[in-house]
Amino acid sequence: MAQRQIAIFVLGPSALSTARKIKETVGGLIHGPEGLAGADVHFEKATHAIAKAFVLAQAVIGVCASGILVRSVASRLELKHREPPVVAVAEDGSSVVPLIGGHHGANDLAKQISVAIGGHAAITTASDVRFGEALDEPGEGLALSNPEDAKSAAAARLRGEEIVQEVTIYRKRGGPKHLVYHPRVLTVGIGCERGTDPMEVRQLISDTLLKHNIAEKSVLRHASIDLKEDEPAINQFDPVMYFSAEELKAEEHRIKSPSSVVEKEVGTPSVAEAAALALIGEGAELIVPKTKSKRATIAIAKSPEAYFIPNGRIRGSVSVVGIGPGEHRLMSQEVEFKLWDASEWVGYSLYLDLVESLRNGQTRHDFPLGDEEKRCRHAIELAKQGKRVALVCSGDPAIFAMAALVYELIDREPCRIAVEVHPGISAFQLASARAGALIGHDFCCISLSDLLTPWETIVKRVTAAAEGDFVISFYNPRSLKRTDQIVKAFDILRPHRRPDTPVVLASSLGRPEENVRIIRFADFRAEDVDMLTLVMVGSSQSRAITRGDGKTYAYTPRGYAKKMEPR
């Protein structure tokens, strides 16, 4: 998984020097107000931006007064085990205070920062202050079995009473003065038939752990053969580590239950046992051999080390994301998270530039304008290698963009990667909003590009939309080579539209040079349109109004006037 991104907040230039030192030490991005030179990301309102970072599970460091941080996240506090670290740092670096998540990274962050900037880490959690450790957060590689007893155990220790701290892979109840820690040294290998009920596998694992009195918290990771990457019964344990048949066959000398039937079917005599062992590697011990249910098998292996890095690779994924017009404030939190969580970014260079300030270690794979198929194929190939890929599109990725092409490619050339589509604000939505509410009633979108669609087909669609009285958004209306399609489209519409029908010309939406105009149908000139312009033509019911501020707006009534008329 990607490391948690760190958001460093400053409110003015006086905090930048300290923020840069923090960034050099712990990484992350510097967030500052609009217009502040030196910030990686800009915001309009600090409290909103801090709250957004907190919700996205980022570590939040504020080079500002602690009260601002507290007020920003107070309404979003839930369970302390789920909340990211929040650390306040004085502008001059003299004090570093972990406010939230002391035992979940904030104390460690505070200590790192204080060393780097020469300040004092104001650690306030009692067990850290008195004993140099947190009883409820034992460190990487261990899981506390009875967290409900951590507070009473810490209180007892502070009173000078002895407590028991036991480390075991087996189930133990523990108590107010007896804390049980489970080392995360176990792996579960899984095999199953195609279409196995996910609950059957969960039940098999649960029953097996219970039968052998093994603690579930000691299980670090699950594994299987790569043929099962798209099997819901297995990838429900995300992240699952996958191995090829050749890699599993290499474990043949260590397995206890080889099967010639399995080898004939998938190319290795073992899946469950071999996967559990391969996850750990050298020194792994098979402590529970292959155990069966009706349609699934599992096995459990143990690492000789208290902490180990699992072998194998995760199931790769392509997240097709829509960044809207490119403004951060118009981008969904879901898209922003997928950009952050990805290991690779693939896209047209301009689109990647628009989100560059959000990049935190991801590898860019830049493509020129066009080459859509190459972009999609490259994203898919990276995912096949176990990478988490964000395929970046402007607007909405499912509207005249690459989401459909990704699905078409995996339909023609099936593979087992995960594919998700995350919507963004499309040009027609933003254009309508800027102009008023032109898509207030039935509407359609038609691309006038005949590169992939025959012109005869486009003519049929424009004719049908004209006769159906739809508001129409014309994408790709004109280019250097295609100059007359938009003229022909207006010729088709002319018998069906009044001369004063509102037409919206929206250029460079969401960019500094944005220009949105509302004109009459009769006044339309093709020369005013280029490839960066979206042309929206109202229906016969659409209206343009000029308000007291002198601005003109366009809307399409839904039909509520009938309800408003006196009876």
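Predicted model: local features only at pLDDT ≥ 70, side-chain atom pairs only at ≥ 80, totals over all residues.

Colleague: Which residues line the largest cavity?

Modeller: The lining is made of Gln5, Leu29, His31, Leu56, Gln58, Glu336, Phe337, Leu339, Trp340 and Leu358. Two elements give two or more residues each: strand S2 (29-33) and helix H12 (333-341).

Colleague: And which element gives the most?

Modeller: That's H12, with four residues.

Colleague: How much space lies in there?

Modeller: About 90 Å³. The structure holds one cavity of 30 Å³ or more.

Colleague: Switching topic. What order do the strands take in the open sheet of five?

Modeller: The order is S22-S23-S26-S24-S25, and the pairing is mixed.

Colleague: Which strands stand at the edges?

Modeller: S22 (443-447) and S25 (515-520) do. Each has a single partner strand, so one side of each is left without a neighbour in the sheet. From one strand to the next, the twist averages 20°.

Colleague: Do S22 and S23 run parallel or antiparallel?

Modeller: Parallel, with five bridges joining S22 to S23 (residues 471-475). As one example, Ser447 has Tyr475 in S23 as its bridge partner.

Colleague: Which helix packs on that sheet?

Modeller: Helix H16 (residues 427-435) does, touching S22, S23, S24 (502-507), S25 and S26 (533-537). The direction of H16 makes about 65° with that of S26.

Colleague: Now the helix pair, H17 and H18. At what angle do they pack?

Modeller: H17 (residues 455-467) and H18 (residues 485-493) pack at about 35°, and their axes are 9 Å apart.

Colleague: Is the crossing left-handed or right-handed?

Modeller: The crossing of H17 and H18 is right-handed.

Colleague: Which residues meet there?

Modeller: From H17, Trp455, Val459, Val462, Thr463 and Ala466; they meet Gln485, Lys488, Ala489, Ile492 and Leu493 in H18.

Colleague: And how do the residues of that contact divide by class?

Modeller: Seven are nonpolar, two are polar and one is charged in the contact of H17 with H18.

Definitions and conventions: Residues numbered from 1 in each chain as written. Heavy atoms only, no water. Pairing = 2+ DSSP bridges. Axes fitted to C-alpha atoms, helices over the stretch in contact; angles between N-to-C directions. Contact = heavy atoms within 4.5 Å. Left-handed = near helix turned anticlockwise from the far one by under 90°. Nonpolar A, V, L, I, M, F, W, Y, C, P; charged D, E, K, R; others polar. 1 Å grid on protein atoms, 1.4 Å probe; cavity = no way out; pocket = protein on both sides within 12 Å on 5 of 7 lines; lining within 4 Å. Points joined across faces, edges and corners; volume = space filled by probe spheres on them.
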